[in-house]
Amino acid sequence: MIIGIIGSGAMGAGIAQVAATAGHTVRLLDQTDAALARAEQSIRANLHKLGEKGKLSVAAVEETVARVQPTRDYLDFSDCGLVLEAIVEDLGAKQQLFRQIESVLSVDCILASNTSSLSITSLAATCQHPERFIGIHFFNPAPLMQLVEVIPAVQTRAGLAQEVKQLLHTWGKVPVLAQDTPGFIVNRVARPFYGEAIRILEEGLTDAATIDWAMTELGGFRMGPFALMDFIGHDVNYRVTESVFTAFFYDPRYKPSFTQKRLLEAGYLGRKSGRGFYEYREGAAQPEPNRDPNLGRMVLHRILVMLINEAAEALAFQVASKEDLELAMTKGVNYPKGLLTWADELGLPNVLRTLDQLYDDYREDRYRASALLRRLVRTEQSFSPSVSLPS
Ligand code: NAI
């Protein structure tokens with residue numbers, strides 16, 4: 001199958017590399033030659049690194065690079081079996097693109113979007129053949145991250161999601177099925193990792209370094225929330241939070257914070273601007289955490305129960321299956337274990353008690369416990385997901 005990719009930025013180039021590595025001819029289109037040249041360079045550099053590690057022969061590197069054919073012409077998509085768009089995150093731009101290219105595509109070509117925040121259904125609605133439209137959401141960097149969320153629109157034909165999942169398996173990916181709801185799985189369930197950490201900071205319960213220490217050293221997360229937000233960039237992270245909040249009709253669970261907004265306004269975007277929650281200029285002193293285990297456990301437990309509650313809500317509203325929820329958080333954001341498994345280990349009554357205590361203290365909807373969690377506790381059940389995570 002020939003794969004078409006539109007937009008050769010960070011995501012488009014990465015996805016092109018993945019498809020070419022799996023043996024597909026890839027037509028990679030961008031509106032500028034400069035972007036196409038950058039994409040080719042980055043694909044070549046990535047593959048060379050694999051070559052140096054002995055994972056790919058020199059010949060294979062060149063063959064793979066040659067399978068990615070840069071183009072500026074939509075007509076080159078006429079023989080593609082799948083065309084995936086990874087242009088700017090702008091509804092108008094994406095809609096205009098689909099209107100322009102659809103007439104060029106063959107009738108059975110699958111049309112997909114890599115959007116993180118737009119509704120797949122609203123994108124499908126601009127197409128003449130919305131039944132062939134689907135969301136295929138890769139994570140950054142696409143060649144390294146195994147998880148891919150597959151999101152059928154309301155209009156998507158039955159069976160297409162399964163076909164796409166099968167294709168992604170052949171690309172060495174771990175596809176999960178998500179309902180077309182804001183943030184899909186990962187960008188929704190992960191919100192409290194950032195939001196609750198900032199809340200703890202705002203209340204002055206402890207500082208960023210201590211919260212990061214608690215999450216990494218006691219919780220086993222690869223990065224703490226503040227280091228991770230600085231890494232992602234506050235422009236990107238704040239906008240995702242804001243878009244999920246808006247798209248959920250202003251549900252207080254997803255409310256953005258003033259603290260992060262102010263960082264954004266100040267231009268303290270994180271690593272890329274040299275300053276965020278932490279300072280990154282050379283020689284800047286790094287704050288020491290307070291390694292009090294009781295404080296650390298309190299912080300970890302509070303953020304963790306909020307994450308678990310979000311996963312429980314996503315399950316309760318059938319955003320994804322138990323297995324896919326666990327895969328999404330372990331493979332998409334490298335959580336040390338699935339949140340439902342973690343919930344069972346902590347004991348659901350314990351999780352519910354903490355949530356109810358928070359709700360009692362604050363009387364904010366943000367802390368309302370999932371009805372599913374409450375029901376499981378009442379009937380003395382657990383999530384007990386029979387999950388087998390691929391290595
Ligand atoms: P980017 O800004 O790195 O690249 C976008 C590319 O699209 C640019 O090269 C630009 O020249 C090109 N472009 C813009 N309009 C075009 C058009 N009409 N026709 C052809 N090319 C056009 O953006 P990035 O980060 O690669 O994101 C692309 C998409 O993937 C967005 O929808 C984004 O939300 C989504 N996404 C981004 C992730 C990330 O971490 N960067 C993760 C997952 C999804």
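The charged end of R199 sits over the ring of Y362, at 4.8 Å from its centre. By that I mean NZ of Lys or CZ of Arg within 6 Å of the ring centre and within 35 degrees of the ring normal. Before I go on, a word on the basis: this is a predicted model, where local features need pLDDT of at least 70, side-chain atom pairs count only at pLDDT 80 or more, and totals for chains, interfaces and linings use all residues. Residues are numbered from 1 along each chain as its sequence is written, and side-chain values use heavy atoms, with hydrogens and water left out.

Now to the rings. There are 11 aromatic pairs, counting rings of Phe, Tyr and Trp (its six-membered ring) whose centres lie within 6.5 Å, with planes under 30 degrees apart called stacked, over 60 edge-to-face and the rest tilted. One of them joins F193 and Y335: a tilted pair, 5.8 Å centre to centre, with 40° between the planes. What does this pair tie together? F193 is in helix α8 (residues 191–202) and Y335 in the loop between α14 (322–332) and α15 (339–346), so the pair links parts that are 142 residues apart in sequence. Helices here are DSSP runs (H or I, at least four residues), strands likewise (E, at least two), numbered from the N terminus.

F193 is buried at 2% relative accessible area, and Y335 is buried too, at 6%. Buried means under 20%, exposed over 50%, partly exposed in between (1.4 Å probe, protein chains only). F193 and Y335 also belong to one aromatic cluster with Y194, F221 and W342.

Next, please look at F226 and F277, an edge-to-face pair with 4.7 Å between centres and 80° between planes. F226 lies in helix α10 (residues 225–232) and F277 in the loop between α12 (258–266) and α13 (293–316), so this pair ties together parts 51 residues apart in sequence. Both F226 and F277 are buried.

Finally, the ligand. Which residues come closest to the ligand? Among the 20 that surround it, they are M11, D30, E89, K94 and N114, where a residue is near if one of its heavy atoms lies within 4 Å. α1 (10–21) and β6 (133–138) each supply at least two residues of this shell.

For polar contacts (N or O atoms within 3.5 Å), a polar side-chain atom of E89 lies 2.5 Å from a ligand oxygen. In N140, a side-chain N or O atom is 3.3 Å from an oxygen atom of the ligand.

Technical notes: A polar contact is a pair of N or O atoms within 3.5 Å; within protein, one must be able to donate a hydrogen and the other to accept it, and residues adjacent in sequence count only if both atoms are side-chain atoms.
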